[in-house]
Each structure stands twice: as C-alpha cells, then as structure tokens.
Amino acid sequence: GVAKQRGVSEPDVAKLKDLFFAEYLTALKEEGGGDRIAAPGARALVAACRAAGLRTAVASAADSVKVDASLDAVGFVPRGDYFDAVVTADAFERLKPAPDAFLAAAKALGADPRSCVVIEDAPAGVAAARAAGMRVLGVCTTLSREQMELEKPDAVRRDTSEVTVEELMGLVDSTAVAAA
C-alpha cells in the first residue's frame, strides 16, 4: 500500500524499503507511537531477567533501522542496559524460519542454544527457535491462543506481562545444559 500511495509502480525493493522505513519512523515519532508497538510487560521482564543475572538478546527478522527505532520508541535505551546482543536481518541471507538469527544471538551471548529460551509471537519464529535447538515460549500478540498452540511452543502466554523469570528458567532443559 505504501508503494502505491507514493507512486512506486516498479518492484524496486530498495526504494520500497526506504519508503517503508520512512513511514514507520514517522509513525513512531507521533505521540504514543512507542505505546502502539510496546509488548505489555516486556521492559519489566527484561529488567527482571537482567536482575537475575541472565543474558538477554534481541534476534529479529527486521532490518536494523526498524529494530533500532522500535527499541528506542519503547524505551530500551541505552541498549546495553537491557540487551547483551541485538541481531537483525541485515546480517543474514536466511531469515526465520531458518535458525540463523537465533544461533547468532546465542553465539553473541556465549550460550549453548539448548540453554536459551526464545519468546516468540510468530510461526516462523517458533520454527526458527526449534531449528536452533532452543525452547520457545509463545505469546499471543499476533496470533490467537489456538493459532499459537498449533505451532507447539513449550508454553503459551497472552503476552509478556504473564511471563516470569522462574517460568523461563523452568523451560531450559537442565539435563542437556549439564551435558554440554
């Protein structure tokens, strides 16, 4: 829709991406833009994970321009206070459902993928986490509970406000980690 509105008729991917990012960044700068995309409870959960000594990362299928703008808009600033690594689509040819982004995040954290838990809201992300050998907690921010359960994550919650550090720790396969 953005391409048509802006008069782009040829499939010029670079120009379309530039238009999309311009529209997205403008929308985020509007009053309440960050509130529209913020996952309920996400900042509190990340803070709790950090307080518990856990390493945290973002592994996104979006380009760094969108990821950086989104993280800024919802208040994950400065980035290092919240995340040990931010991995974005610019670094990969294969995106989710390929496991590449999640494996790169685990490597950046110095973690065995089997000791990682992914919080995911999309089918491709659940599949990518599984392919990486990670546990998955599905949140129903883009799918209904029934749709998310069809993807077979290890657990399902309405959103991140219902997730606890203890639950995340309980999802890690301690026998696999101990054997590593």
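**Close-up views of a predicted protein chain**

**View 1. Contacts and secondary structure of the whole chain.** In the protein chain, residues 24 or more positions apart account for 55% of the contacts with a separation of 6 or more, a contact being heavy atoms within 4.5 Å. The chain holds 10 helices and 5 strands, which are DSSP runs numbered from the N terminus, with at least four residues for helices (H or I) and at least two for strands (E). This is a predicted model, in which local features need pLDDT of at least 70 and side-chain atom pairs count only at pLDDT 80 or more, while totals for chains, interfaces and linings use all residues. Residues are numbered from 1 along each chain as its sequence is written, and side-chain values use heavy atoms, leaving out hydrogens and water.

**View 2. The loop around Asp63.** Asp63 lies between strand E1 (57-59) and helix H5 (64-73), and it counts as buried because its relative accessibility is 15%, where buried means under 20% relative accessible area (1.4 Å probe, protein chains only). Leaving aside residues up to four places away in sequence, Asp63 touches Lys17, Phe21, Thr88, Ala89 and Asp90.

**View 3. The open sheet E3-E4-E5.** Three strands form this open sheet with parallel pairing, two strands being paired if DSSP finds at least two bridges between them. Strand E3 (117-120) and strand E5 (155-157) stand at the edges with a single partner strand each, so one side of each is left without a neighbour in the sheet. E3 is joined by 4 bridges to strand E4 (residues 135-139), and Ile119 stands opposite Leu137 in E4.

Methods: Buried < 20%, exposed > 50% of the residue type's maximum accessible area, 1.4 Å probe, protein only.
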